[in-house]
Amino acid sequence: ITERTKEALWECQEQGIKVAIASGRCTEGIRHQAKAIGLDRFGGYVISFNGGRITNFATGEVIYDITLPDGMIHELYDYSKKEHTGILTYDAGKIVAHSDTDPYITIDAKGCDIPIWVPEDFHRDVKFAGNKCIYLEMMPLGVDKAYGVAKLLERLGYRRSQMVCCGDGFNDLPMIEYAGFGVAMANAPEQLKEKADYVAPSCDEDGLVDV
């Protein structure tokens, strides 16, 4: 995150505007970016797992959390073994996976700066209800970034018309359509730009500063 973008987001928050990061990553996987833009100092929010969990980054309080149904992770694990594919989920600041050498899993761990845990016995050792599984990507029914930002608005007492959402990926489309003012970055796919109220300069051009 460039200094120009950080300073613009700090200025927004100094004026009382609430800022949140909405990401497909786990909460811990975006902690460095959240801290860089001052969410810990100003009481901003992290919406992680593509809308499945909302955390007050200043206090660490999880204000909303929705997980996969009981037993679903084990069912997906069995299916992944049958289909000879990988699977991972997240728990307590770590990736829980079938392997710590799968290149896709190691890339995710490096990008999020979190460790990988390979359970000795997946069915015995994995007892938590996860927010998300990937490679067989599964989310609780109806959860996406629009769902997450709607839950945050409800908590803060704001209306959709008071919210600006910016994004550049396909998983940003629901919240861009939901927001009172939806922004696509110039580097976003055309489908996002078509649905947005405004197209900002690209991320490489500090497009958030323009917004």
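1. Start with Lys132 and its side chain, which reaches the backbone oxygen of Gly24 at 2.9 Å. Bear in mind that this is a predicted model, so treat that distance as a computed value. As for where to look, Lys132 lies in the loop between α6 (122-125) and α7.

2. Is Lys132 buried or exposed? Its relative accessible area is 5%, and since buried means under 20%, Lys132 counts as buried. Gly24 turns up again among the residues that Lys132 touches, along with Phe49, Asn50, Leu68, Leu88, Thr89 and Tyr90. Glu137, Met138 and Met139 are on that list too, which leaves out residues up to four places away in sequence.

3. One more thing about Lys132: look across to Gly52. These two residues are 80 residues apart along the chain, yet their C-alpha atoms are separated by 8.0 Å.

4. Now for the nonpolar interior. In soluble globular proteins, nonpolar side chains tend to be buried together. Here the largest nonpolar core has 14 residues. Those with the most contacts inside this core are Ile47, Ile54, Val149, Leu152, Met163, Cys165 and Tyr178. Which elements give two or more residues to this core? They are β2 (45-48), α7 (145-156) and α8 (173-178), and α7 brings the largest share, with 4 residues.

5. Leaving aside residues up to four places away in sequence, Val149 touches Ile47, Met163, Cys165, Met175 and Tyr178. Apart from this core lies another one, of 11 residues, among them Cys26, Phe49, Ile95 and Ala97. You have met Phe49 already, as a residue touched by Lys132.

6. You'll find Ser80 in helix α4 (residues 72-83), where it is buried, with a relative accessible area of 1%. Beyond residues up to four places away in sequence, Ser80 touches Thr85, Gly86, Ile87 and Leu136.

7. Finally, the outside. Which residues form a nonpolar patch on the surface? They are Val164, Phe181, Tyr198, Leu208 and Val211, with about 400 Å² of accessible area together. Tyr198 sits in strand β10 (residues 198-200). At 33% relative accessibility, Tyr198 counts as partly exposed, because that label covers values between the 20% limit for buried and the 50% limit for exposed.

Notes: Residues are numbered from 1 along each chain as its sequence is written. This is a predicted model: local features need pLDDT of at least 70, side-chain atom pairs count only at pLDDT 80 or more; totals for chains, interfaces and linings use all residues. Side-chain values use heavy atoms; hydrogens and water are left out. A nonpolar core is a set of buried Ala, Val, Leu, Ile, Met, Phe, Trp, Tyr and Cys residues joined through side-chain atoms within 4.5 Å. Buried means under 20% relative accessible area, exposed over 50%, partly exposed in between (1.4 Å probe, protein chains only). Contact means heavy atoms within 4.5 Å. A polar contact is a pair of N or O atoms within 3.5 Å; within protein, one must be able to donate a hydrogen and the other to accept it, and residues adjacent in sequence count only if both atoms are side-chain atoms. Patches are made of residues with over 30% relative accessible area and no salt bridge: like charges are joined within 9 Å, nonpolar side chains (Val, Leu, Ile, Met, Phe, Trp, Tyr) within 5 Å. Accessible areas come from the Shrake-Rupley method with a 1.4 Å probe; for residues, only the protein chains shown count as cover. A salt bridge is a side-chain nitrogen of Lys or Arg within 4 Å of a carboxyl oxygen of Asp or Glu.
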